[in-house]
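Opening the notebook on this one. I want to look at one helix first, then at the sheet.

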Number of protein chains: 2
Amino acid sequence: MKTLTVIKIGGNIIDQADDLDIFLNKFVNIDGPKILIHGGGVMASEMASKLGIETLMHNGRRITDLETLKLVSMVYAGWINKSIIAKLQKIGCNSIGLSGADGDCVPAVKRSPVPVDFGYVGDVDPDQINTGLLISMLGRGITPVFCAITHDRNGSILNTNADTMASSIAIAMSKEYHTELIYCFEKKGVLSNPDDPESVIPLITKDSYEALKGAKVIRDGMIPKMDNAFYAIDNGVSEVFIKHASNLGNDTGTVLK
Amino acid sequence: MKTLTVIKIGGNIIDQADDLDIFLNKFVNIDGPKILIHGGGVMASEMASKLGIETLMHNGRRITDLETLKLVSMVYAGWINKSIIAKLQKIGCNSIGLSGADGDCVPAVKRSPVPVDFGYVGDVDPDQINTGLLISMLGRGITPVFCAITHDRNGSILNTNADTMASSIAIAMSKEYHTELIYCFEKKGVLSNPDDPESVIPLITKDSYEALKGAKVIRDGMIPKMDNAFYAIDNGVSEVFIKHASNLGNDTGTVLK
């Protein structure tokens, strides 16, 4: 089975032009087929502020009304996605920018408004992902680059969490490839002490994750990221890595098994 | 030779949800392979105004500074393109939204700043268009939907006139297909009297075009559109139609031969 690398890059890195360039150069140097999923929450919040759209969050997740949906489609699928594609083309990586609506790649179901109405937010079932199109692109040497926008197959796009988008795509592709999932962000890994950027936990298993959660070492926004990661491992993904974007391609960071 | 239909839809139609829905339903009913190119200038100007970005035009063409480039990428490649894709998926047309950077489909050259500096504006050479990827998508039953954004192969996206984008793609594809190009907009065709919306000129040849220009019947913004159309005919496109978006699929409007 061929190895596929699925990489998610967070908005804090994308927002810094130099950091993004360093990351993209490392991304291009990864051997074999690969898929990139990018966030962009920081830039969406900046643009929301310029447009006078209030940013509403619940437990770290954006509440998406119609104005916000327009905003995130502009920022994620437009400016960020196309900027990344132009940069990748320059450094020799033939790539296509996609939302989940394109080619019906990633359909989603609008989340129930109970208990919290997140608005135009979509949840993805990995079994519904159109892997055929992605396999065909990879076979042509083309790298798919996804923003975290999906669609409901009923005429509307939906906002989707980028970590979940990445784990769902990795799970779906794991039927065809030995799939590794890498979450790249602005920290060196999962930290045992949030105040010490060097306190990277090198390996976390499902058992140690429960212990770390219980001891509140892992908390807040890291919990949904870790849950996504272990869900991926339980559903076919071989390994998950959490690391700093500039460390892509070396073996620092946290490994989840 | 199979027939390919290349259709350009203008921003004045896209801006009206009902008109867009009528158009898209007619678009889906066109037999055989097809490619859609959309504008969006009206919505870009609205968003520019909300963001306090000044819209500068020269002879009806937008001057694109870096802020405006970001704006048009957001509006064209983000909101408009993904909204159209979601709507097409709903009505059974599997489609992929593309900019010219995606898959290096439509590279362009930044226009010389002399005599007028249009900023980040790209001119397309039809010979450079990556038809292989488009042919492969059409072969899989997928309809490419382009916004008028290209790239310079040096890391930057570029703003491109949507009429020119459409004629360039039609010319490039005419080597593989019997290609028809249809410009859909908010008028019933080329008018002999701009004050009479029913005064459609049914047929314009190169000779009659020169006479109509000389008599100032065709003038202003219609001239670049007509020049694009005749350039397409001179370079392999079989026929060009100019018509109202709601008349797609019937034989009203102006035919250029």
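I looked up which residues of α8(A) are buried (20 or more other C-beta atoms within 10 Å of their own, with C-beta atoms placed from the backbone): A:Lys225, A:Met226, A:Asn228, A:Ala229, A:Ala232 and A:Ile233. They sit on the same side of α8(A), because their arc around the axis is only 155° (taken from the directions from the helix axis to the C-beta atoms).

Note on provenance: this is a predicted model, where local features need pLDDT of at least 70, side-chain atom pairs count only at pLDDT 80 or more, and totals for chains, interfaces and linings use all residues. Residues are numbered from 1 along each chain as its sequence is written, and chains are lettered from A, ligands numbered from 1, in the order in which they are written.

What do the buried residues of α8(A) pack against? I found α6 (162-173), β11 (178-185), α7 (206-214), β13 (239-244) and β14 (254-256) of chain A, a contact being C-beta atoms within 7 Å. After α8(A) comes A:Gly236, with a positive phi near 115°.

Next, the sheet. It is open and mixed, with eight strands of chain A in the order β5-β8-β2-β1-β11-β13-β14-β12; strands pair if DSSP finds at least two bridges between them. β5 (95-98) and β12 (203-204) of chain A are at the edges with a single partner strand each, so one side of each has no neighbour in the sheet.

I also checked β2 (34-38) and β8 (143-147) of chain A: they pair in the parallel sense over three bridges. A:Ile37 has A:Phe146 in β8(A) as its bridge partner.

Technical notes
Buried ≥ 20, exposed ≤ 12 C-beta atoms within 10 Å, placed from the backbone. Helix = DSSP H or I, 4+ residues; strand = E, 2+ residues; numbered from the N terminus. Contact = placed C-beta atoms within 7 Å.
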